[in-house]
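This report looks at charged side-chain pairs and at one helix packing. Please keep the sequence and the model at hand while reading.

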Amino acid sequence: MAAVNKQEAIVLAIDIGKSSLQLDSDGKTYFEKAKFCASMILKRKIFAESKDYLALILFGSSRTNNHLSSQGCYNIEIVTNLGIVTWDLVKHIDSLSSEDITPSDWLNALVLAADMLKKETEEKIFKDLQIVMFSNLDTDISFNKIDIIASCIKTQHINLTIIGKDFEDISLNPELEKFIMKTEATAVNFYSVLHKLSHYKQKEVTPRAWNIPLSFGNVFNIRVSGYKKIDETAKSFKWLLCKNYDTEDSITAMKKHTAYFYVENGEQVEVDREDIIDGFRFGDTIIPVSNLDTDVYSYKSGPRCLQVLGFTKAKNIQRSFLMDGGSYIFKPHKEDVVAFKVIFNAMVEREELMIIKKIYSNNCLPNIGVMFPQREDTENYFVCVNLPYAEDEHLFKLPSLKSFKPNYEENNAVNNLIDAMDLDNDGNELFMPENTHDPGLQYVYDCIAQKATNQNKLTKKIPEHIQTLLNPPKEIVEKTKQPIDEIINIFSLQPEIYEKCSVEDNNILEFNGDEEVDLLKQCVITAFSPIKDFNTLLENGLNSATVCENMKHITLDLIESSTSMEDLEKPASNLKVLREFYINNNDVKSYNNLMYLVKDSVFLSGKEGMWSQFVDSGIGLITDQEIEISDISQDLSEQFMKHEVLQDIAAEFVIDDDDPLKEFL
């Protein structure tokens, strides 16, 4: 079977005459809006990598350049015939200017556009033929041949869209209304299309089914087809080549050559690629790895599969378990609908979910997922989302809020704020994924479009339509103004002023609240270079107590935000510097007290597995063997350095012993 052609043939017709200079209700001319919309249509086609053919004609122009000029089509200019959209065409539209020409014969422009579609698509097959006309239709036109024109448009199966006036405005003119009805055209105003055309869209991808049997052990299989339901936005572009359509010879193939060398007696000696084998370093020894070793020790998951491991109650799968950036939906094969429906109904009736193992293709990493039964209209299907493995799970011990009991006024203020921030807008949820665009991606597209049309100019200002995506809706802001003021008044925060911060037996580390407030503003330690900032502040003569206090705060913040042992290297270095400083100033107690806070921070943030390596980096307690004034013995220090497990954390995460989910999580 031949592939279906999805290309469209589109003719853009823009009014640049005198009537386009009229101001719309927002103070902008019809011409300005038409130029913006036409330019965005072209840019969207380019970024979506569309193969559609597009032509551009201008009516109301001071020039007459068309093949029907002898038949009365004056002041109409054909800029380009049907072809692939290029950046040069975008530049041409952006550089357009309106002209003070009285006759803007949009009806003749429509005849010319229909004739272009007829002649230029005779030997080609297009999915759709369209004419998009930008005009307010204010010019006096003779409708003597309206029946003939409407018949030609319907015979050629041309979809006509007129942007400039909606049908309510057109209905005030009986002849215009009759024309729109006979041509079955769509008439919309600029307000209706500006919002949709203000955002770029990505390349459309036709979903491909992943046909796989859903196996229940060795008992039976149900054939299903899986489709990607939600996926993450691509973080990078995959354009391999930028074509210059004006000069075909400007495309030069890039040739890559990789050379391999080794150094012998200070000179580089080239080696043939065939003589190179893989290897890894074990200490000072390099161990070669042959292709045979790679094949033997490489991971092999087996063939692709979608295997049912068991069922569990829906209450056991919390939303926090769901992970990964995408999800699948699985629909049954037409011959296995009955078996699929039986399993589906049983899961709904028992309120159970299906735990599955998914291997997408041979030797891919396996995923453990959960199948949710979903029903939309009369169609039943499963939604599959990945579940975490044990190493993906992070348990955090958070402080209890039981000690705080809000009164009626406080509780009511918070409830009012929640109600005011509700995104449910008259039954329509705001920020739905299908209607919400990625502002970062939109900004990247906008920057590329700017550089493509003007290489020497790139505005740093974020466009208004992208800025709108970053701001909350105006109605939400207005509704939340009063509740937020109530929150501020009820839960007022007062800055804590330290009148005195002293350290025993150390007059150097005294700080009085009578000192200038500017001193606190000057004492800043950044997370980027804390040690450098610490030393610089001390060298500049700032109060050492304040500097050390800030160093403690930044160190604890770095520990809480870390996710690996590499992230803990910077706070470990900070503690080494503080340890040395306190030893030099005979202030052992301050450092040892700090280390107890550090240990709590490490354990409460779920990093107890890193504690041993963290302490081994030389930041342990200062013992009496190092300084006589220390009250920490060596035995107490060793006990402090031992790895402990917070049993109460695991106790809060309870799964019944007879739960089939327990062996998987």
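Is Asp 26 buried, partly exposed or exposed? Asp 26 counts as partly exposed, because its relative accessibility is 45%, where buried means under 20% relative accessible area, exposed over 50% and partly exposed in between, with a 1.4 Å probe and protein chains only.

## Basis of the model

This is a predicted model, in which local features need pLDDT of at least 70 and side-chain atom pairs count only at pLDDT 80 or more, while totals for chains, interfaces and linings use all residues. Residues are numbered from 1 along each chain as its sequence is written, and side-chain values use heavy atoms, with hydrogens and water left out.

## Salt bridges around Lys 33

The count comes to 14 salt bridges, a salt bridge being a side-chain nitrogen of Lys or Arg within 4 Å of a carboxyl oxygen of Asp or Glu. One of them joins Lys 33 to Asp 26, with 2.8 Å between the closest N and O atoms. Lys 33 counts as buried, because its relative accessibility is 7%. A network of salt bridges links Asp 24, Asp 26 and Lys 33.

## Salt bridges between distant parts of the chain

Arg 223 and Glu 335 form a salt bridge through their side chains, at 2.9 Å from N to O. This pair links distant parts of the chain, 112 residues apart, with Arg 223 in strand β8 (residues 220–230) and Glu 335 in the loop between β14 (323–332) and α9 (337–350); helices (H or I, at least four residues) and strands (E, at least two) are DSSP runs numbered from the N terminus. Arg 223 is partly exposed at 36% relative accessibility, whereas Glu 335 is exposed at 57%.

A salt bridge also joins the side chains of Lys 331 and Glu 379, at 3.1 Å from N to O. Here, too, distant parts of the chain are linked, since Lys 331 lies in strand β14 and Glu 379 in strand β17 (residues 379–386), 48 residues apart. Lys 331 is partly exposed, with a relative accessible area of 26%, and Glu 379 counts as partly exposed at 36%.

## Packing of α17 and α18

Helix α17 (residues 569–584) and helix α18 (residues 588–604) pack at an angle of about 155°, with their axes 8 Å apart; axes are lines fitted to C-alpha atoms, for helices over the stretch in contact, and angles run from 0 to 180 degrees between N-to-C directions. The two helices, α17 and α18, are therefore roughly antiparallel, a term for angles over 145 degrees.

Conventions
Parallel < 35°, antiparallel > 145°, perpendicular 65-115°, else oblique.
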